[in-house]
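Here are my notes on the model you sent. Please read them with the structure open beside you.

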Amino acid sequence: MSSTSKRMKTRQIPYYEFEEGIFEVDEFDCASVFVVVGRDRALVLDTGTGIGDLRWVIENRITGKPYDVVLTHNHVDHAGGAGFFDSVRVHQKDGSWNRRVFAPDLETRREYAKIVACRGNKNYIYTAEDDIEAWEKEPEIKTLSDGMVFDLGGRKLTFCHIPGHTPGSCVAIDDKSGILFAGDACNCNYLLGENIADTLEESADVAVRGLLRLEEMRDSYRQIYNSHHDYRGFGSPLSEHVLPDLTECLRRLREGTCEYRVVPDMLSYQKMKKVAVYGRVQVTYLSGEF
């Protein structure tokens, strides 16, 4: 395939403006990238695995305004495309790439994309070998801190540190739309981080306290969008039951009273895993079996 044909193919990344100035970019079912556009600037939230030409889509299809790139956390499906931008911001506790589990190197990014492509027997226009390329350089990593505000002109995004999925996981609240962008800090298929604390109970406690903070800020937002739309639908928010159900599931993990179930592991080839369940959510412990 010629380089021109390849670029055209990988620019066919779906995106949807579901609220005024808010775009959800679907990286072929791997992850959602959000682009929030204000009067003067824009903000790109996460960079996916790096399948295709995300930067071209942002700059040529969504906005010509200057923008910042912010990572909700440092996992491969959120930071894998970071190397195609000049700089990114991430919380200091996630300030180095998590190379043991979710490294953004070429091999890991391609392997992750292959696993995702196998789910649901779907067909995609990309192949991992052709359309996931190595970074030409590492981006400059800038610090994202709790309470940091990005003024885009006519709208402001405020970031809050909510550890649990990773030590540095952050969420963002858009004051204009009333939307909370949760990254992976709140979703139906929650992964409790492998390096949050020394024990499962202590890790669950950290996550519960983070989610309770989101509950306390409930007057600041009206809807939650996490960064994977397979459990909520493209352009649609999470169910209002997810946050309280997840909080309760993690609380029961902390107390040793949770119910468990064995389910297919969607991040491996035909393997099963044990998860904690409550209501409409399931929790996986990344440090190993419960």
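1. Start with one cut-off. Buried here means under 20% relative accessible area, exposed means over 50%, and partly exposed lies in between. Asp46 has a relative accessibility of 1%, so this residue counts as buried. Keep in mind that this is a predicted model.

2. Most residues other than glycine have a negative phi. Where does Asp46 lie? The residue is in the loop between strand 4 (42-45) and helix 2 (54-62).

3. Asp29 also has a positive phi, near 70 degrees, and it too is a residue other than glycine. Asp29 is found in the loop that runs between strand 2 (22-26) and strand 3 (32-37). Is Asp29 buried or partly exposed? With a relative accessible area of 22%, Asp29 is partly exposed.

4. Next, the cavity. How many cavities of 30 Å³ or more does a search of the whole structure find? The search finds 1. The largest cavity holds about 40 Å³ of space. Its lining consists of Ile13, Val25, Asp26, Glu27, Val33, Thr47, Gly48 and Leu54. By class, the lining residues divide into 4 nonpolar, 2 polar and 2 charged. Check the lining against the loops above. Val25 and Asp26 line the cavity, and strand 2 covers 22-26. Val33 is in the lining as well, and strand 3 covers 32-37. Leu54 is another lining residue, and helix 2 covers 54-62.

5. Cysteines. The structure holds 0 disulfides. A disulfide needs the sulfur atoms within 2.5 Å. Cys186 is buried, at 1% relative accessibility. Cys30 is buried as well, with a relative accessible area of 1%.

6. An open sheet is formed by 5 strands in the order 8-9-10-11-13, with mixed pairing. Which strands stand at the edges? Strand 8 (149-151) and strand 13 (223-226) do, and each has a single partner strand, so one side of each is left without a neighbour in the sheet. From one strand to the next, the twist averages 20 degrees.

7. Follow the pairing from strand 8. Strand 8 runs antiparallel to strand 9 (residues 156-161), and 3 bridges join them. Val149 stands opposite Thr158 in strand 9. The hairpin of these two strands has 4 residues between them, and Gly153 there takes a positive phi near 95 degrees.

8. Strand 9 and strand 10 pair in the antiparallel sense, over 5 bridges. Phe159 stands opposite Ala172 in strand 10. Strand 10 (residues 170-174) also pairs with strand 11 (residues 179-183), antiparallel, over 3 bridges. Ala172 faces Phe181 across that pairing.

Technical notes:
Residues numbered from 1 in each chain as written. Predicted model: local features only at pLDDT ≥ 70, side-chain atom pairs only at ≥ 80, totals over all residues. Heavy atoms only, no water. 1 Å grid on protein atoms, 1.4 Å probe; cavity = no way out; pocket = protein on both sides within 12 Å on 5 of 7 lines; lining within 4 Å. Points joined across faces, edges and corners; volume = space filled by probe spheres on them. Nonpolar A, V, L, I, M, F, W, Y, C, P; charged D, E, K, R; others polar. Buried < 20%, exposed > 50% of the residue type's maximum accessible area, 1.4 Å probe, protein only. Pairing = 2+ DSSP bridges. Axes fitted to C-alpha atoms, helices over the stretch in contact; angles between N-to-C directions.
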